[in-house]
Amino acid sequence: MIVKPNNSIIMRIIAVFLQFICFSGCILAQDMKPITLNPPDLKRGLPVMEAFSLRASATEFNDKKLTLQDLSDLLFAANGINRKDVSKRTAPSAMNAQDIDIYVFMQEGIYFYDAAKSILNQIVAGDQRLIVAGRQEAFAKAPVMLLLVSDISRFKMADDAAKLDAAGKDAGIVSQNINIFCAGTGLITRPRGTMDLEKIRSILKLKESQRPMLNNPVGYPVK
Ligand SMILES: Cc1cc2nc3c(=O)[nH]c(=O)nc-3n(C[C@H](O)[C@H](O)[C@H](O)COP(=O)(O)O)c2cc1C
(Lines give C-alpha, C1' and ligand atoms only; values in the text may rest on other atoms or scores of the structure.)
Protein backbone atom coordinates (compact mmCIF):
# COMPACT_ATOMS: atom_id res chain seq x y z
CA MET A 1 0.00 0.00 0.00
CA ILE A 2 1.36 3.41 -0.96
CA VAL A 3 0.74 6.16 1.63
CA LYS A 4 0.49 9.61 0.00
CA PRO A 5 1.69 12.49 2.24
CA ASN A 6 -1.05 15.09 2.59
CA ASN A 7 -0.53 18.76 1.71
CA SER A 8 -0.01 19.95 5.28
CA ILE A 9 2.87 17.49 5.82
CA ILE A 10 4.50 18.63 2.58
CA MET A 11 4.08 22.29 3.62
CA ARG A 12 5.64 21.54 7.02
CA ILE A 13 8.64 19.81 5.40
CA ILE A 14 9.15 22.80 3.08
CA ALA A 15 8.90 25.21 6.05
CA VAL A 16 11.50 23.24 8.06
CA PHE A 17 13.76 23.14 5.00
CA LEU A 18 13.46 26.92 4.47
CA GLN A 19 14.14 27.56 8.17
CA PHE A 20 17.25 25.40 7.93
CA ILE A 21 18.52 27.35 4.91
CA CYS A 22 17.83 30.67 6.62
CA PHE A 23 19.49 29.48 9.85
CA SER A 24 22.64 28.25 8.13
CA GLY A 25 22.74 31.51 6.11
CA CYS A 26 22.57 33.49 9.36
CA ILE A 27 25.41 31.47 10.86
CA LEU A 28 27.46 32.04 7.73
CA ALA A 29 26.77 35.78 7.74
CA GLN A 30 27.74 35.97 11.42
CA ASP A 31 30.95 34.00 10.90
CA MET A 32 32.02 36.14 7.97
CA LYS A 33 32.49 39.29 10.06
CA PRO A 34 35.22 41.63 8.84
CA ILE A 35 38.30 42.21 11.00
CA THR A 36 38.90 45.88 11.74
CA LEU A 37 42.62 46.56 11.67
CA ASN A 38 44.43 48.86 14.09
CA PRO A 39 46.08 52.08 12.90
CA PRO A 40 49.73 51.33 12.08
CA ASP A 41 52.30 51.79 14.83
CA LEU A 42 54.67 54.12 12.98
CA LYS A 43 57.23 54.19 15.78
CA ARG A 44 58.06 50.49 15.99
CA GLY A 45 60.86 48.43 14.52
CA LEU A 46 64.62 48.48 14.06
CA PRO A 47 66.46 51.20 12.15
CA VAL A 48 66.12 50.41 8.46
CA MET A 49 69.82 49.46 7.99
CA GLU A 50 69.62 46.97 10.84
CA ALA A 51 66.51 45.48 9.27
CA PHE A 52 68.42 45.02 5.99
CA SER A 53 71.25 43.32 7.85
CA LEU A 54 68.79 40.78 9.32
CA ARG A 55 66.65 40.10 6.23
CA ALA A 56 66.59 36.37 5.43
CA SER A 57 64.06 33.84 4.17
CA ALA A 58 62.70 31.61 6.90
CA THR A 59 62.71 27.86 6.41
CA GLU A 60 60.49 26.86 9.33
CA PHE A 61 57.34 28.35 10.90
CA ASN A 62 55.41 27.65 14.09
CA ASP A 63 51.66 28.11 14.38
CA LYS A 64 51.51 30.90 17.00
CA LYS A 65 48.86 33.39 15.88
CA LEU A 66 49.80 36.97 15.03
CA THR A 67 48.52 39.72 17.33
CA LEU A 68 46.06 42.16 15.77
CA GLN A 69 48.71 44.91 15.92
CA ASP A 70 51.29 42.77 14.12
CA LEU A 71 48.75 41.81 11.46
CA SER A 72 47.67 45.45 11.05
CA ASP A 73 51.24 46.74 10.77
CA LEU A 74 52.22 43.91 8.41
CA LEU A 75 49.44 44.80 5.96
CA PHE A 76 50.11 48.52 6.18
CA ALA A 77 53.80 47.89 5.46
CA ALA A 78 52.96 45.48 2.63
CA ASN A 79 50.65 47.73 0.63
CA GLY A 80 48.70 50.02 2.93
CA ILE A 81 47.63 53.55 2.09
CA ASN A 82 50.24 55.93 3.51
CA ARG A 83 49.06 59.12 1.75
CA LYS A 84 45.31 59.32 2.17
CA ASP A 85 45.00 62.67 0.37
CA VAL A 86 46.18 61.09 -2.91
CA SER A 87 45.23 57.49 -2.06
CA LYS A 88 48.78 56.23 -2.60
CA ARG A 89 50.49 53.31 -0.95
CA THR A 90 53.56 52.04 0.92
CA ALA A 91 54.49 50.08 -2.24
CA PRO A 92 54.99 51.90 -5.55
CA SER A 93 53.32 50.43 -8.66
CA ALA A 94 53.98 50.82 -12.36
CA MET A 95 51.97 53.78 -13.67
CA ASN A 96 50.29 53.92 -10.23
CA ALA A 97 48.07 51.03 -11.38
CA GLN A 98 47.84 49.74 -7.77
CA ASP A 99 47.31 46.31 -9.30
CA ILE A 100 48.36 44.20 -6.31
CA ASP A 101 45.59 42.94 -4.00
CA ILE A 102 46.40 40.97 -0.87
CA TYR A 103 44.44 37.89 0.17
CA VAL A 104 45.13 36.85 3.76
CA PHE A 105 44.95 33.12 4.48
CA MET A 106 44.55 32.22 8.16
CA GLN A 107 43.17 29.27 10.11
CA GLU A 108 39.74 30.97 10.28
CA GLY A 109 39.48 31.54 6.55
CA ILE A 110 40.50 33.71 3.63
CA TYR A 111 40.24 37.49 3.91
CA PHE A 112 40.58 40.32 1.39
CA TYR A 113 42.62 43.31 2.54
CA ASP A 114 40.64 46.50 1.96
CA ALA A 115 43.44 49.05 2.41
CA ALA A 116 41.17 52.09 2.04
CA LYS A 117 38.89 50.96 4.88
CA SER A 118 41.71 49.24 6.80
CA ILE A 119 39.66 46.07 7.24
CA LEU A 120 39.89 42.42 6.31
CA ASN A 121 36.75 41.12 4.64
CA GLN A 122 36.27 37.39 4.99
CA ILE A 123 35.47 35.78 1.68
CA VAL A 124 35.87 32.07 2.48
CA ALA A 125 35.45 30.31 5.84
CA GLY A 126 37.84 27.60 6.99
CA ASP A 127 41.54 26.85 6.76
CA GLN A 128 42.82 26.97 3.16
CA ARG A 129 46.52 27.59 3.85
CA LEU A 130 47.55 24.28 2.26
CA ILE A 131 46.59 25.51 -1.20
CA VAL A 132 48.97 28.46 -0.81
CA ALA A 133 51.69 26.15 0.52
CA GLY A 134 51.33 23.92 -2.54
CA ARG A 135 53.88 21.11 -2.62
CA GLN A 136 55.84 22.78 0.21
CA GLU A 137 53.18 21.76 2.75
CA ALA A 138 55.22 22.66 5.85
CA PHE A 139 54.74 26.37 5.12
CA ALA A 140 51.00 25.98 5.86
CA LYS A 141 51.95 26.04 9.55
CA ALA A 142 52.55 29.78 9.32
CA PRO A 143 49.62 31.57 11.02
CA VAL A 144 49.29 34.04 8.14
CA MET A 145 49.96 33.56 4.44
CA LEU A 146 49.76 36.68 2.29
CA LEU A 147 48.86 35.99 -1.33
CA LEU A 148 49.72 38.79 -3.76
CA VAL A 149 47.35 38.88 -6.74
CA SER A 150 47.80 41.33 -9.60
CA ASP A 151 44.73 42.46 -11.50
CA ILE A 152 46.43 43.17 -14.80
CA SER A 153 43.29 44.83 -16.19
CA ARG A 154 44.32 47.87 -14.12
CA PHE A 155 47.23 48.49 -16.50
CA LYS A 156 46.37 50.68 -19.43
CA MET A 157 49.08 49.42 -21.83
CA ALA A 158 48.01 47.33 -24.81
CA ASP A 159 49.68 43.93 -24.61
CA ASP A 160 49.43 41.24 -21.95
CA ALA A 161 53.17 40.50 -21.91
CA ALA A 162 53.91 44.10 -20.84
CA LYS A 163 51.14 43.93 -18.23
CA LEU A 164 52.51 40.69 -16.77
CA ASP A 165 56.03 42.11 -16.70
CA ALA A 166 54.81 45.11 -14.68
CA ALA A 167 52.70 42.84 -12.44
CA GLY A 168 55.73 40.73 -11.55
CA LYS A 169 57.73 43.82 -10.62
CA ASP A 170 54.90 45.30 -8.55
CA ALA A 171 54.38 42.01 -6.69
CA GLY A 172 58.13 41.80 -6.01
CA ILE A 173 58.07 45.23 -4.38
CA VAL A 174 55.10 44.38 -2.13
CA SER A 175 56.83 41.14 -1.18
CA GLN A 176 60.03 43.01 -0.33
CA ASN A 177 58.03 45.43 1.87
CA ILE A 178 56.84 42.34 3.75
CA ASN A 179 60.39 40.93 3.95
CA ILE A 180 61.85 44.14 5.36
CA PHE A 181 58.92 44.73 7.74
CA CYS A 182 59.43 41.24 9.17
CA ALA A 183 63.19 41.66 9.48
CA GLY A 184 62.68 44.94 11.33
CA THR A 185 60.00 43.76 13.74
CA GLY A 186 61.11 40.29 14.80
CA LEU A 187 58.74 38.39 12.52
CA ILE A 188 59.80 35.84 9.91
CA THR A 189 58.75 35.32 6.30
CA ARG A 190 59.77 33.81 2.97
CA PRO A 191 58.84 35.08 -0.51
CA ARG A 192 57.46 32.17 -2.54
CA GLY A 193 56.32 31.49 -6.06
CA THR A 194 55.18 27.97 -5.20
CA MET A 195 51.40 27.59 -4.70
CA ASP A 196 48.49 25.55 -6.05
CA LEU A 197 47.39 27.97 -8.75
CA GLU A 198 44.40 25.96 -9.96
CA LYS A 199 42.85 25.59 -6.49
CA ILE A 200 43.57 29.23 -5.67
CA ARG A 201 41.85 30.42 -8.86
CA SER A 202 38.85 28.26 -8.10
CA ILE A 203 38.38 29.06 -4.39
CA LEU A 204 38.89 32.80 -4.88
CA LYS A 205 36.75 32.80 -8.04
CA LEU A 206 39.42 34.88 -9.76
CA LYS A 207 38.73 36.63 -13.07
CA GLU A 208 41.01 35.90 -16.02
CA SER A 209 42.80 39.22 -15.40
CA GLN A 210 43.61 38.36 -11.75
CA ARG A 211 47.01 36.67 -11.55
CA PRO A 212 48.42 35.18 -8.32
CA MET A 213 52.08 36.26 -8.41
CA LEU A 214 53.79 35.54 -5.09
CA ASN A 215 53.01 34.60 -1.52
CA ASN A 216 54.65 35.27 1.84
CA PRO A 217 53.97 33.04 4.85
CA VAL A 218 54.49 35.14 7.99
CA GLY A 219 54.91 34.16 11.63
CA TYR A 220 57.07 34.38 14.73
CA PRO A 221 60.53 32.80 14.88
CA VAL A 222 60.77 29.16 15.89
CA LYS A 223 62.71 29.14 19.15
C1 LIG B 1 60.52 35.50 -6.79
C2 LIG B 1 60.91 34.51 -5.72
C3 LIG B 1 60.28 33.28 -5.67
C4 LIG B 1 60.62 32.37 -4.66
N5 LIG B 1 59.94 31.19 -4.58
C6 LIG B 1 60.23 30.32 -3.59
C7 LIG B 1 59.49 29.13 -3.47
O8 LIG B 1 58.60 28.84 -4.23
N9 LIG B 1 59.81 28.30 -2.43
C10 LIG B 1 60.80 28.60 -1.55
O11 LIG B 1 61.02 27.82 -0.62
N12 LIG B 1 61.50 29.74 -1.63
C13 LIG B 1 61.24 30.62 -2.62
N14 LIG B 1 61.94 31.79 -2.72
C15 LIG B 1 62.95 32.13 -1.69
C16 LIG B 1 64.37 31.94 -2.22
O17 LIG B 1 64.66 30.57 -2.33
C18 LIG B 1 65.34 32.66 -1.29
O19 LIG B 1 65.08 34.04 -1.33
C20 LIG B 1 66.76 32.38 -1.70
O21 LIG B 1 67.12 31.05 -1.41
C22 LIG B 1 67.76 33.30 -1.04
O23 LIG B 1 67.67 33.18 0.39
P24 LIG B 1 67.45 34.46 1.31
O25 LIG B 1 66.10 35.04 0.92
O26 LIG B 1 67.46 33.96 2.71
O27 LIG B 1 68.54 35.41 1.02
C28 LIG B 1 61.62 32.71 -3.72
C29 LIG B 1 62.26 33.96 -3.79
C30 LIG B 1 61.89 34.85 -4.75
C31 LIG B 1 62.57 36.21 -4.78
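A polar contact is a pair of N or O atoms within 3.5 Å; within protein, one must be able to donate a hydrogen and the other to accept it, and residues adjacent in sequence count only if both atoms are side-chain atoms. The model is predicted: local features need pLDDT of at least 70 and side-chain atom pairs count only at pLDDT 80 or more, while totals for chains, interfaces and linings use all residues. Residues are numbered from 1 along each chain as its sequence is written, and side-chain values use heavy atoms, with hydrogens and water left out.

View A. A backbone N or O atom of glycine 193 is 2.9 Å from a ligand nitrogen atom. Of the 620 Å² of accessible area that the ligand has on its own, the protein covers 51% (Shrake-Rupley method, 1.4 Å probe; for residues, only the protein chains shown count as cover).

**View B. Residues around the ligand.** The shell (a heavy atom within 4 Å of the ligand) includes Arg55, Ala56, Gln136, Phe139, Arg192 and Leu214. By class it has 4 nonpolar, 4 polar and 3 charged residues (Ala, Val, Leu, Ile, Met, Phe, Trp, Tyr, Cys and Pro are nonpolar; Asp, Glu, Lys and Arg charged; the others, Gly among them, polar).

**View C. Aromatic pairs.** The structure holds 2 aromatic pairs (Phe, Tyr or Trp rings, the six-membered one for Trp, with centres within 6.5 Å; planes under 30 degrees apart are stacked, over 60 edge-to-face, the rest tilted). Phenylalanine 61 and phenylalanine 139 have ring centres 5.9 Å apart and planes at 75°, so this pair is edge-to-face. Phenylalanine 61 is in the loop between α2 (48-54) and α3 (68-79) and phenylalanine 139 in the loop between α4 (129-133) and β7 (144-151), so the pair ties together parts 78 residues apart in sequence (helices, H or I, at least four residues, and strands, E, at least two, are DSSP runs numbered from the N terminus). Both phenylalanine 61 and phenylalanine 139 are buried (under 20% relative accessible area; exposed is over 50%, partly exposed in between; 1.4 Å probe, protein chains only). Tyrosine 103 and phenylalanine 112 also pair edge-to-face, 5.2 Å centre to centre with 70° between the planes.

**View D. Positive phi in two loops.** Serine 118, in the loop between β5 (109-114) and β6 (119-125), has phi near 55°. Lysine 205, in the loop between α6 (197-203) and β9 (210-219), has phi near 50°.
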